[in-house]
Amino acid sequence: MVSDSKVFGFWVYLMTDLIVFAVLFSAFIVLRNNTFGGPSGRELFSMPFVLTETLLLLTSTFTCSLGMLFVHRNQKRSAIFWFLVTFVCGLSFLGMELFEFSELVKGGDSWQRSAFLSSFFTLVGTHGFHISIGLIWMSVAMFRIYLCPLTSDVISKIFRMALFWHFLDIVWVFIFTVVYGMGHIL
Amino acid sequence: MKKSHFTVILLTLVAATLGIFFALRSEHALLVHPKGEIARRELHLMATNVLLMLSIIVPTLILLFLVVWKQVTKRHDDKKGSPNTRHPIFREGILWIIPLIVVLVMGVITWFAAHKLDPYRPLQSKRTPLHIQVVALDWKWLFIYPQQGIATLNFIEIPENIPVRFSLSADGSPMNSFWIPQLSGQIYAMSGMITTLHIMANEQGEYTGRAAEINGAGFADMTFAVKVTSESDFMDWINSVKSSPHELTGTVYSELIKPSMKNQITFYSSVKKDLFEQMVEKYLKPSS
Amino acid sequence: MKKNFFTGKLTFESLPDHWYTIGGTVFIILVGLIVAFILTKKKRWKWLWKKWLTSTDPKRIGTMYMIFAGLMFFRGMLDAGMIWLQQSLAADSQGYLSSDHFQQIFTSHGDIMVFFVTMGFFFGLMNWIIPLQIGARDLAFPFLNSLGLWLTVSGGVLLNLFFVIGGQFANTGWLAITPLSELEFNPGVRVDYLIWSLQLSGLGSLLAGINFLVTIIKKRAPGMTLMKMPLFVWTSLCAMVLIISAFPVLTATTLLLWLDRVLEMHFFTAGFGGNQMMYINLIWMWGHPEVYILVLPAFGMFSEIVATFSKNQISGYVSMVWAAIMITVLSYLVWLHHFFTMGAGANVNSFFGIVTMFIAIPSGVQVFNWILTMFKGRVQFQSPMYWFVGFLILFMFGGMAGVFMASPPADFQVHNSLFLVAHFHTMIVGVALFGIFAGTTYWFPKIMGFRLDEKLGKRAFWLWFVGYFVSFIPLYILGFMGATRRLDHYASSTHWQPLFIISTIGFVIIACGCFTQVMQLIISYKKRKEFSDQTGDPWDGRTLEWMTTSPPPFYNFAVIPNVSTREAFWEMKQKKLPPSKSYQEFELPKNTGMGIYISVFAFFAGFALVWHIPWLALLGALGALTCVIIRSFDKHTEYMLTAEEIERVESSRGQG
């Protein structure tokens, strides 16, 4: 089946994206103490803030699954509704992240301050960039649900978008643990 | 394939082998004519490894030539070749085991040699090592003798049969590699970090050291002279440097860091205190 | 560098003003004009667009990859000649090139040869042969195939664009080692040209890797289990696994370097906590798998060739498969051997050194099996077999040099010397290039419908084989004479000059070999009726690609064959099975220009990122994204080929 190959191919692509993140994670871990006299994670990160971001993403992954469920049931309106909720969660997450970044920059702790901050901004920022792509993809998907009959090909396309979204959530769990969790505790 | 073609291939290989053999006999084949303890032991290791590898490669090459020769000379009467319908695991096993054994032997040798010849490992000697701090700059080498309180540019003099410990770093220059082929293998010199190389020269003479990692436009000129002398001559040289008019003050050093090529050999009779350590530190912490 | 909002770092000084940039620009414009003139005169623009550029047929895409790789090969060889000439002249003198220019030349030589020539030739041959060998009509993702090709081409165009705009290429060596490639030591845009041309072509390679992987896993003919695949497919599969796992590392690492340069981050800077050693580690974590990506397909090709021309099954098929897998796995565990001298200490160095030596085991097994295949067979020494014998010799020789360097203390002496340069060129020339030459000769009749002239092929082999030795043996010796690589001049007291001169003579011999190959193409084309392949099976082949006509119909197989044994076609011939005549309709992908459009947008985005022009970068990115979205709504990407049409094509080819 054509769709079968496409989903398999997409999984392969996701693995390559995971390796990109793996490089960013390893760079972060190597550089996490290279603050060059500047602030470390413990001084910069606010756990309540990050927990809120995490809850937003976790919620969004749940609502995304709901959207996919309704796509399979051919219930367009419910599907679009739940993807819209997912979109709002994602957008809020992005907004919070941009706020966190701008606060850091205003305080003089931009990516230029130290290797640690460079790796922080890049890792979290790359994830945020992927979220942005995911939001654009989600908008296209909602439009597609609205416009097109839900054939197996169309469902496969939306499924891949959902996979992408779930993948980003998993990456976030690692970011939460390695960047904020470890940075705060250790 | 004609027999003449086969012969050409054979002759090419023979010519190459002979060419290598005769070229390496020349005194200019620096790696094969070591003047230092480490280089000598590295050469010995290289020779051992080559012989071990040749123990498989030569028979394999002979096998290849025999097979090709047989195919070139035999008459092809029948239409089909004999198919390999039997794949005895025994034969396949042998094919795997032969290289495995040689690799295992080489692996064991590698483990011990890598530890014995680790640049960080001090040499066995009753004498205290001479300490030289090396700073790779764009595009010259600065050498500080902390025990003697002198410094030199693009030149070192060391006594024979006394171990030398180099502490290497770089300043204002990207990744560098410090290499005196006749005395030992190379080691990188990088800013914000200190690497170590232990050597000992066995023969008096004048040798060349060079930069072995590309670092910009002045790369090819970044060579330095190495003079190995007797211990008494070395002491005399130290004293003569101590009466040099040049001094390695902070100001002089800040001029030195600026990029320049083909710098003259210079001797400094005194060195700013902790110059080397401060130079490394400044990459790790912002200067207050 | 000052930045303008509309033009970024571009100024009038970016236009050509040196003899080589003016020369390069003139050459590019001239070639462009000549091509445009010919196309206009013969009224072939539409044909070019419809039949070639927008094609999703892997055979067409494969041919375009080969042509592109051939052009880049010419450029890379020009670089090589300039290097040789400089080093022959520059004893106690500056030669004819400045230090900086010389450094740009070997940098571009390396990037071109690795990313565009070898990868290009291999993707070209794989596009042609893999679907045929597994009994498929196309790759799993035909559109991605086209996109991959055009992204690679746009990367190649971007790399060469510096001749016209910018005037300088990176001087850092092909991998842009930090901190030399950082802003502190390289404030201009030339390193960014390197970064973005690699990013574009890297993305193309990654997409091709995913494509071939899924194709081989999912699209094999019924009955062709993994252990019944031809060895070329097996080694290509291993290479694809390496591509999908290694290329993302290249993407991420060069991205970090670019962020250091464009946003003044501190991943690899000297200072501010940057870690220059981390770049070396990361780039070689990509770099080492990459060199196995370059040689694994060649191993597979040679396995096919030796089996066919020895009229014998490949000896030890199962061992050969496991050898390829073992090489693939081990290639992830050896990256540090590229920088033993960085001072990681004896424990770390020994580990990586010993694991590197372990790669000699599967390599040795392969060599033994290749020889055994010949031993039990009845060998016809056509020119592919000449390349094969040359390959065996060079592989053993170069491999020995590699294991030599795998011992850290030995490496301390020869690292970054011409010994190293000679070793990796032995592998790339002796394995990858000889493989490409052999494979191209072997499959040429299938691709073009006529054979290549054998006499000229053998002559080319001799020139390459002897030329290789005359060029590279002096380099091995020079390494032992303390000659560091990448030196633009040296003292005559080193006594290196005579060897450089001999080496240059070797280059001239090789260049004659290349010239012979070009002549071979031209003369074979002229004599194509005489050399034509009427049967589709000129070498008495053993694998499925020989089942089709030469060249195959655009759909490869009218009926997908059923496979039951390892050498499917050989089996069919022995059993004299008649081809199936019951045709059923099937779908084929339509042509599309989207691959080109996306790549053009990506090219402009890359260009804008090099020159710091945010609005153009955004435009390029949005344009590419829009094309992707539009494409995703295209419901008519395939068309149905009816049974009658198939019948018509088959009978016109004498198959019906």
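**Chains, helices and loops**

Reader: Among contacts in chain C between residues at least 6 apart in sequence, what percentage join residues at least 24 apart?
Author: The model considered here is predicted. The contacts in question are those of chain C whose two residues stand at least 6 apart in sequence. Of these contacts, the share that joins residues at least 24 apart is 83%.

Reader: What radius of gyration does chain C have, and what would a compact globule with 656 residues have?
Author: The C-alpha atoms of chain C fill a box of roughly 70 × 60 × 45 Å along the principal axes. A compact globule of 656 residues would have a radius of gyration near 26 Å.

Reader: What percentage of the residues in chain C are buried?
Author: The secondary structure of chain C comprises 20 helices and two strands. A residue counts as buried if 20 or more other C-beta atoms lie within 10 Å of its own. Among the 656 residues of chain C, the buried ones make up 63%.

Reader: How are α4(C) and α5(C) oriented to each other, roughly parallel or roughly antiparallel?
Author: Helix α4 of chain C covers residues 99-133 and helix α5 of chain C covers residues 142-160; their axes lie 11 Å apart and form an angle of about 160°. Angles over 145 degrees count as roughly antiparallel. The two helices α4(C) and α5(C) are therefore roughly antiparallel.

Reader: Is the crossing of α1(B) and α2(B) left-handed or right-handed?
Author: The axes of α1(B) and α2(B) come within 10 Å and cross at roughly 165°. These two helices, α1(B) and α2(B), are therefore roughly antiparallel to each other. The crossing of α1(B) and α2(B) is left-handed.

Reader: Into how many nonpolar, polar and charged residues does the contact of α1(B) with α2(B) divide?
Author: In α1(B), the residues Lys3(B), Phe6(B) and Leu10(B) take part, and they meet Phe65(B), Val68(B), Trp69(B) and Val72(B) in α2(B). By class, the residues of the contact of α1(B) with α2(B) are six nonpolar, no polar and one charged.

Reader: Which element supplies the largest share of the side of chain B that touches chain C?
Author: Between the two chains, 76 residues of chain B are in contact with 76 residues of chain C. At least two residues of that side of chain B come from each of α1 (3-25), α2 (37-73), α3 (89-116) and β7 (187-189). By class, the side of chain B that touches chain C has 48 nonpolar, 22 polar and six charged residues. The largest share of this side, 15 residues, is supplied by α2(B).

Reader: Does Phe25(A) count as buried or partly exposed?
Author: Chain A has six helices and zero strands, and Phe25(A) belongs to helix α1 (residues 2-31) of that chain. Leaving out residues up to four places away in sequence, Phe25(A) touches Leu123(A), Phe174(A) and Val178(A). A buried residue needs 20 or more other C-beta atoms within 10 Å. Phe25(A) has 18 C-beta neighbours inside 10 Å, so this residue counts as partly exposed.

Reader: Where in chain C does Pro551(C) lie?
Author: The peptide bond that leads from Ser550(C) to Pro551(C) is cis, with omega near -10°. Pro551(C) lies in chain C, in the loop between α16 (497-526) and α17 (568-575).

Key. Residues are numbered from 1 along each chain as its sequence is written. Chains are lettered from A and ligands numbered from 1 in the order in which they are written. This is a predicted model: local features need pLDDT of at least 70, side-chain atom pairs count only at pLDDT 80 or more; totals for chains, interfaces and linings use all residues. Helices (H or I, at least four residues) and strands (E, at least two) are DSSP runs, numbered from the N terminus. Two residues are in contact if their C-beta atoms, placed from the backbone, lie within 7 Å. Ala, Val, Leu, Ile, Met, Phe, Trp, Tyr, Cys and Pro count as nonpolar, Asp, Glu, Lys and Arg as charged, and the others, Gly among them, as polar. Axes are lines fitted to C-alpha atoms, for helices over the stretch in contact, and angles run from 0 to 180 degrees between N-to-C directions. Angles under 35 degrees count as roughly parallel, over 145 as roughly antiparallel, 65 to 115 as roughly perpendicular and the rest as oblique. The radius of gyration is taken over C-alpha atoms; the globule rule is 2.2 Å times the number of residues to the power 0.38. A residue is buried if 20 or more other C-beta atoms lie within 10 Å of its own, exposed if 12 or fewer, and partly exposed in between; C-beta atoms are placed from the backbone. A crossing is left-handed if the near helix is turned anticlockwise from the far one by less than a right angle, and right-handed if clockwise.
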